[in-house]
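The entries below follow the order in which I looked things up.

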Amino acid sequence: MESLCRFTLQEFIARAQDGSRLAGLLETRLVAAGCPVTEGEYRSWQNSLSALAGLLSGTSLDPGIQVGLEVRMPLSGRRADVILAGADGLVVLELKQWRQVSLSSDPCRVMTRTGGCLQAVLHPCLQAAGYVSELSSWNQVLQERALSLHGAVWLHNMDRQQGELPLEVPGSGSVSLFFAGDGGALIRCLQSSLGPAPAGDLLGILQSAPVRPGPGLRRLLTDMIRPETGASSGLPSHSLHRSCPFSKTAGLRSWW
């Protein structure tokens, strides 16, 4: 995993209250990495990160909790919006500025207006669950330290009555879904999951961790090897070429 920007919670709140300032920093770093930034992506940073900063400001969360923005996953290269790290664990947080959502014919997707038109997109809980699964399966430090890892989604512009969003989605595990009026519940979720600030640069340590399959995944890969030939399962390597290391769609197609 690799964060485009890393801050303490106190630093993040100070920077993100001016949404355009932090969005400009993210844009500069993405462009330097060779990734174009769309107007919609820039606008979502402005709106969602300032909304999150407003929610977290003045809470009892430890100001030394670490915040990573636009965190690249170790294998697929897909980017999680925010990862918060505390001494007790981590929370992968997806932020959506959607104002209305409806169901689609595919139970794993929902219909919402994005990119100027109505589109079927992956259910945000499944999106967050995919990030949790990839990190827990491939980040060696997470495995060795047995840190808890939770997923959450905050639809900060939408009340529960404004969208037909199913709260229970097969495959999303224990990812929690919060709407605009659920700010207090989201804070309580973060408090119970993160605990106090971590000792040392936890996000930095996780960022430099070797990308290796965890025990469960190693057993699965071993079972997939054909004994008569010794041929491997053909699972692609994490070193697969990507045109842009921070692309939202870079790398492998998700398997969740």
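Entry 1. I began with strand S6 (residues 109-114), which pairs with S7 in the antiparallel sense over 6 bridges. The model is a predicted one, and I read each pairing below as a property of that model. For a residue-level reference I noted that valine 110 stands opposite valine 121 in S7.

Entry 2. I then asked which strand order the sheet has. I found an open sheet of 3 strands, ordered S5-S6-S7, with antiparallel pairing. Strand S5 (101-103) and strand S7 (117-122) stand at the edges with a single partner strand each, so one side of each has no neighbour in the sheet. I also looked up the angle between neighbouring strands of this sheet: on average they are turned by 35° against each other, direction ignored.

Entry 3. I turned to strand S4 (residues 89-96) and asked how many of its residues are buried. The count is 8 of the 8 residues, so S4 is largely enclosed by the rest of the structure. The cut-off behind this reading is a relative accessible area under 20%. I next separated the residues by the direction in which they point. Gly89, Val91, Leu93 and Leu95 point one way from S4, while Leu90, Val92, Glu94 and Lys96 point the other way. Both sets are buried, and I noted that Glu94 and Lys96 are among them.

Entry 4. I looked up the partners of S4. Strand S3 (residues 79-85) pairs with S4 in the antiparallel sense over 4 bridges. A hairpin of 3 residues joins S3 to S4, and valine 82 stands opposite leucine 93 in S4. With strand S8 (residues 148-155), S4 runs parallel, and 8 bridges join the two. Here leucine 95 stands opposite tryptophan 154 in S8.

Entry 5. I counted 8 helices and 9 strands. Of the 256 residues, 46% count as buried. I then asked what share of the contacts with a separation of 6 or more comes from residues 24 or more positions apart. That share is 69%. The accessible surface comes to about 12,000 Å², and carbon and sulfur atoms account for 50% of this surface.

How values were computed
Residues are numbered from 1 along each chain as its sequence is written. This is a predicted model: local features need pLDDT of at least 70, side-chain atom pairs count only at pLDDT 80 or more; totals for chains, interfaces and linings use all residues. Side-chain values use heavy atoms; hydrogens and water are left out. Buried means under 20% relative accessible area, exposed over 50%, partly exposed in between (1.4 Å probe, protein chains only). Contact means heavy atoms within 4.5 Å. Accessible areas come from the Shrake-Rupley method with a 1.4 Å probe; for residues, only the protein chains shown count as cover. Two strands pair if DSSP finds at least two bridges between them. Axes are lines fitted to C-alpha atoms, for helices over the stretch in contact, and angles run from 0 to 180 degrees between N-to-C directions.
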